[in-house]
Amino acid sequence: MCSSKFLSVLVFAGAAVVIRASDNIPAPKQSVPVLLRGATIHTVSGADVRGDLLFADGKIQTIGAKVAAPAGATVLDVTGKHIYPGLIAASSGMGLTEIGAVRSTVDLAETGLINPNVRAQPAINPDSEMIPVARTNGILTVLSVPQTAGLIAGMSTLIRMDGWTWEDLTIRPTVALHVSWPRMAISRAPNSPSPAEDQQRALDARITKLRDTFAAARAYLKAKEGAGKAIDVDARWEAMIPVLRGALPVFVQADEVKQIEAAVAWAKQENLKITIVGGIDAWRVADLLKARDVAVIVTSVTDLPLRREDAFDAAYANSAKLQAAGVRFCIANDGASNERNLPYWAGKAAAYGLPPAEALKAVTLYPAQLLGVGGELGSIEAGKRATLIVTDGDPLEIPTKVEIAFIDGARIDLGNRQTRLYEKYKKRYEQLKK
Amino acid sequence: MRFYSVQTCFCLPRASRRLALFFLGHALCFTAAGLRAQIPTAPIEGLRDATPRVHAITGARIITAPGQVIERGTLVLRDGVIAAVGPEAEVKIPADARLWPVEGKTIYAGFVESETDAHLPAALKSAATRVDAVAGAPRGGRGGRGAVAAPVTETPVADEAARSWNPRVTPERQVARMFVADDKADARLRELGFTTAVVTSGRGVFRGQSALVSLNGKNPNAALVRRNLAQHVAFELGGAREQGYPGSLMGAIALIRQSLLDAQWHAASWKKFSELKSAGAERPEANASLAALESVTTGRLPVVISAQDELDLLRAQKIGDEFKLRLVIRGTGTEYRMADALAAAKTPLILPLNFPAAPEVDTPDKAGDVALATLQHWELAPANAGKLAARGVAFALTSAGLRTPETQFWTNLRLAVKRGLAPETALAALTTAPAKFLGLEDLVGTLATGRIANFVVATGDLFAANSTAEISAVWVDGDRFETDASQKVDVRGTWKIVWTGLPATAGTAAANPPGELKIDGRTATRPRARFGDKDAPLTVTRRDVTLLPAVELFGGKDGTVRLAGHVTDEEISGTGLLPDGAAFRWSATRQAVAAAPARAERKVEEKFFATADAYPAGVLGRKGPPVQPEWLLVKNATLWTSGPLGRIEGGDLLIHAGKIEKIGKGLVAPPGATMIDAAGKHVSAGLIDCHSHTAISRGINEATSAVTVEVRVGDVLDATDIGLYRELAGGLTVANILHGSANPMGGQNQVIKLRWGGLPETLKYAGAKPGVKFALGENVKQSSASPPSTRYPQTRMGVEQVMLDTFQQARDYERTQQEWREGKLTYAPRRNLRLESAVEMLHGERVVHIHSYRQDEVLMFIRLAEKLGLTVATFQHILEGYKVADQIAKIGAGASAFTDWWNYKYEVIDAIPQGGALMRAAGVVVSFNSDDAGLARRMNTEASKAMKYGGVPAEEALKFVTLNPAKQLRIDDRVGSLEAGKDADFVIWSASPLSTYARCEQTWIDGRRYFELGEDSAMRASAQVEREALVQKALAERGRNLATAGAGPGGAAEAGAPRPPPPDKPFVQLWLEELEARHALQYQSIYHDGQNSVNCSTHVLQ
């Protein structure tokens, strides 16, 4: 008895440590105008401007060679520095997971195959240590996405990377319904764990399930609209109504060419607006994606090639090929703890053929557009949110440092748990030297 | 019961044996008559069979041995043994012989099946076969899930009480003690011409000793010919968890080595004990397993090691060489890929005839799922035996592993002949070769006086490529067995029908049959008949015929008329039935044999497309190492030397015979030198990854025990891993291939150069300091194991103790060895490879690479290392190393760190990306590692993170992936920087290697260009051409098969009844299944897709 009690206390103590809050204090709302002076302003949407940038009430006001400071404005001299829009991570587990191997800290995937009604928003932990770590490298806006081992993962939420509560963080409570397309590759290897026919049957069953789900949701909507009276609520089909009415897009996780082709065909049949997420094979069907105007959130720049026979740079060069074919795309990272490496994935795509200016857009303006916030975020333009970074160079190059960052005009703390540990242990060695 | 034994010897030298064939026939007739037949020991039930067993087979063409032909000979058998064989004129037929005139037939010595699982009790069949049996699938077919899943967790049966501690070490098992009668299997094998078979256990690492069994369909007493032919060994794996040793291929090899050493020790100890006449000495441990292995270590008994893939051939050979075994290797069908090595080794092989069917390439989708290596193997597999024979490799052929031996065996064997195997060699592979390998030449394999009366009677030459000859009878132990083939009749031709007793109601037919019965058809098995100028459906089963003539011919309109009959020679006779049931007698006599169908002999020359001389097979294989220019000058580059010269703008790099000759500006190369103008390019030393699991076959962890320092990554390198090439394409030239982190004291590492295209031995970095992998923390205390583990240790406290205890054992071991050398001990101490490895560590001869995270455990190990005198080469991952960097520096250990990984498990929540910079500042030699097949392709930009986080200067940051890991691996005398005298390992970059925009354009190792962007495209393009040609060829073959057979292998015909769709499963299960499936594939196969699912941070599967 005694020892088991002791153990349970230990478990509780462990849990208490795990859900600790980050030490960063969220910034207060922008109260006075801010003028950044003397930088190179990379507007992304237009030409670079050498000069000043003024924002107030969280919105960008003026960009110009010389902008006068309004009364009471804070003026920051950033001569020689570079201003970029905040980077946008278009596919992330941010806020939904903390320590991968500790199950109690992971809220990424609900159980079951069909979860259209679950939402990322209320599960996002605003005190996640991952938030300050990511924004230190300029990641200021993130799409937080539920995952699934089934078919429908749930609804994603677009968040800004500073705030006290998940309501503070929310930019768009629901951005898309996330579907995970079943794996379609059939292994015909003699040592495959299950025969090709079994694999095919399992796959067919899953695709049938997906079709049935949408059919059931449509039947529900029809009944609801035609019944003339209240019908029993089905939480799943209720959640899908905005999707069926075209008000909410469907993001389909698909990497292999067969998955992508199947998803595109399915979308046409179901009359859905889809975006492909993953898309490692997308370059193989760039013409189809272009013809159907299906965009791709490329989360796979540094993935290994899918097949032994694929070129070593198949994934590196994917974005460049999509861009050349005129397919709408952006680059994302598909992680959480190292969301901070997002700009370097764009740099890698540039090393393998993507023009550098496009690489920058691929983590700023393009994700804003694909997530439906192109009018608010993703570039430095008057009227847009003043969510931006001040750097000492090209943010796609690793040694570049983000020196200052603003989210909706508020200057945020760029420290994090790691910088604090760094400072703390530097002290140890200073003490040792004395 | 009498066994044939080596002493029952007609063992004359080869030349005299040949003489005996011709001249001793008469004399031996008398001798043979004096011998006695097999006398049964069981009481006779009913009547005794006393039929004389003296036979004379006359008039046949007799092939007494490969290449030795008697055109018209006589074979005399007496009581199951050959009494005489020779030319007709020279062999006297005994008066008491029963005569068997077989004019026109060809006689061969009975074939020896070199491996069969027939006659085995279920518990000894291999796991795959047993699962298939349960699922009701055909033998050798694809079973359900788990049929091939790597770990075989069940313990095989043991039949000795005092035996090996390991349930998979069962060398004492004797098939002779446990085989069972199986007359059906005997009949199936006889149908192919086999008369004896080597029954081989399918379970265990040491599987036990095989037995030669006569395929006479009788009980074991009559069937057992010779016991304990050979010891059989396979790289069988247990589970991933405790009790499962070995859980990895490297563990299996270590277990084999240790067992053979133990056997030597066991024999010596017992010898000593008997010499001492027990005076004062305690008896050694009784161990039947080790006792059984003595015959192996002394070379008395052959050892057959089974390979699962072509790399296993080399592994088996190494074991054979190390222990001087009488080695035979059971191959896989891909031996042609190792022809050079096998030709050099001269080890006999047992080869399967399992040629793959044409791959499914019918749709672009399906074609996309088929690898080029698979297509190549489909084309090359039939040439395997021929290619090996041409290189002087001796081999036996087996039918084992064929899905449908009854159709495949002879078809495939003749295909092999067509593809270059000499018919004589093919015959030898079924007769003299296995007899020789297994020491059975006195019994079987040739037709000579005194051999067992086992032989095959065929209608012609069985071994010609286009042969249609059939086996009409097989004689086993002097008894004749007719084959099914001998019962097949060809009824094609023109027949005259007569009948009696047909009632008048049958109209005009009652008096006279309406014309002739004409039977034709392309093959004898699918005859088509016409009777009375109308089609008449006809079936022929063995000798039974059923004909359905048109009812109108019999004056009827409805119903069916049936003519059933039996074929004897040129007559068919039987009973007919009218629709009303009225019966009549009918018979037919053949008037003429059907003319050979006028099939235009389309002589289409088969074209071949598959590359056979590149390695690995498939895309990007190389035909030997890339050329090494005598002189090479790289001009005008920005040189990042990582050496004393720092960074040189507009620098030149002069290379001579694979070594750096000179570095500077304006260098001049001798005439004829290869020149590279690298203006605008950057050149760095080849990158080095101090933590990789690339190129390991079948398991990176021997996770079954807390201490497994005897296992060696160097034993299991997978030179086919496509990861090697992908990493080359990212500028990597050297990697430290480590055992995983599942146990506190893991396995021995192997430093390699990424010499893609070579065999495993050529990958090895010659002279690299031996090392070992240790690990601390969550992995080794199995905190994420599911279901929970109870293996010691479960805490960081226990981890320390397990290490300490092992080293204490090692010290004691060393002391005991010393005492033995000083003559103080009665018995030699048992050699212990595990402890010997630990002793090497205590002497600093083997350095430690230790997976570690938290500062507490790091400090613990530092103190332990100080106390024990261990040399710590690196702390691996070392994410809290920044907290105790001064202590790491103090013992001179390196830090091989992750750059920015964190929070994937609890022990890494304090990881910081500035850790590398902090440790460097404290005087630690720091490198960044990958532990990941994806990250290993871009180590250059990992180095940039040292600049970002902690402000390490650019050139110093680059050293994190060049010079520093070289120092950690003790190889900086040759690699890691661009300095005169070092290996010419370098990379040409499109921009600064520290830029994300940089692309690796060329990677050189030893002055050889292993990667270049343009060459990469060219190799892919040529692979694509080859691929398309093979796909076209496969399509044509599949088209033919589908047209003739209805469905090819894998088609609907084999799919069986449709099964219901699998029910929905909980997502966690689906997720795990997906991981498992991927894991299982990787666990087993070379030529995998390079998707790296297992590394040190993977917790799910560890």
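Predicted model: local features only at pLDDT ≥ 70, side-chain atom pairs only at ≥ 80, totals over all residues.
1. Chain B as a whole. Chain B holds 30 helices and 44 strands. It has 1102 residues, of which 52% count as buried. Among the contacts in chain B with a separation of 6 or more, 68% join residues 24 or more positions apart.

2. Ile256 of chain B. Ile256(B) sits in helix α7 (residues 249–275) of chain B. Is Ile256(B) buried or exposed? Ile256(B) is buried, because 25 other C-beta atoms lie within 10 Å, and a count of 20 or more is enough for that label. Apart from neighbours within four places in sequence, the contacts of Ile256(B) are Val205(B), Val233(B) and Ile319(B). A further pair to look at is Ile256(B) and Val169(B): these residues are 87 residues apart along the chain, and their C-alpha atoms are separated by 8.5 Å.

3. Helices α20 and α22 of chain B. Helix α20 (residues 796–821) of chain B packs with helix α22 (residues 855–868) of chain B at an angle of about 15 degrees, and the axes are 11 Å apart. That angle makes α20(B) roughly parallel to α22(B), because angles under 35 degrees count as roughly parallel. The crossing of the two helices, α20(B) and α22(B), is right-handed. On the α20(B) side the contact involves Arg796(B), Glu800(B), Met803(B), Leu804(B) and Phe807(B). On the α22(B) side the residues are Asp856(B), Glu857(B), Met860(B), Leu864(B) and Leu868(B). By class, the contact of α20(B) with α22(B) has six nonpolar, no polar and four charged residues.

4. Helices α20 and α21 of chain B. How do α20(B) and α21(B) lie to each other, roughly parallel or roughly perpendicular? Helix α21 (residues 833–842) of chain B has an axis that comes within 9 Å of the axis of α20(B), and the two cross at roughly 95 degrees. α20(B) and α21(B) are therefore roughly perpendicular to each other, since the range for that term is 65 to 115 degrees. From α20(B), the contact is made by Thr806(B), Phe807(B), Gln809(B), Ala810(B), Arg811(B), Tyr813(B) and Glu814(B). From α21(B), the residues are Leu835(B), Ala838(B), Val839(B) and Leu842(B). The residues of the contact of α20(B) with α21(B) comprise seven nonpolar, two polar and two charged.

5. Where chain B touches chain A. The contact between the chains involves 67 residues of chain B and 54 residues of chain A. Four elements of chain B give two or more residues to its side: α11 (364–369), α18 (722–728), α25 (939–948) and α30 (1067–1084). Which element of chain B supplies the largest share of that side? It is α30(B), with eight residues. By class, the side of chain B that touches chain A has 34 nonpolar, 15 polar and 18 charged residues.

6. Trp902 of chain B. Trp902(B) is placed in the loop between β40 (894–897) and α24 (915–921) of chain B. Trp902(B) is buried, because 23 other C-beta atoms lie within 10 Å. Leaving out residues up to four places away in sequence, Trp902(B) touches Ser337(A), Leu879(B), Val908(B) and Ala911(B). Ser337(A) in that list belongs to chain A. Gln887(B) lies 15 residues from Trp902(B) along the chain, and the C-alpha atoms of the two are separated by 22 Å.

7. Domains of chain A. Chain A is divided into domain 1 (19–86 + 378–434) and domain 2 (87–185 + 230–375). The C-alpha centres of these domains of chain A lie 26 Å apart. In the contact, 29 residues of domain 1 of chain A meet 33 residues of domain 2 of chain A. On the domain 1 side, β5 (82–85), β17 (402–407) and α12 (417–433) of chain A each supply at least two residues. The largest share of that side, three residues, comes from β17(A). By class, the domain 1 side has 15 nonpolar, 10 polar and four charged residues.

Conventions:
Residues numbered from 1 in each chain as written. Chains lettered and ligands numbered in written order. Contact = placed C-beta atoms within 7 Å. Nonpolar A, V, L, I, M, F, W, Y, C, P; charged D, E, K, R; others polar. Buried ≥ 20, exposed ≤ 12 C-beta atoms within 10 Å, placed from the backbone. Axes fitted to C-alpha atoms, helices over the stretch in contact; angles between N-to-C directions. Parallel < 35°, antiparallel > 145°, perpendicular 65-115°, else oblique. Left-handed = near helix turned anticlockwise from the far one by under 90°. Domains from an automatic or database assignment.
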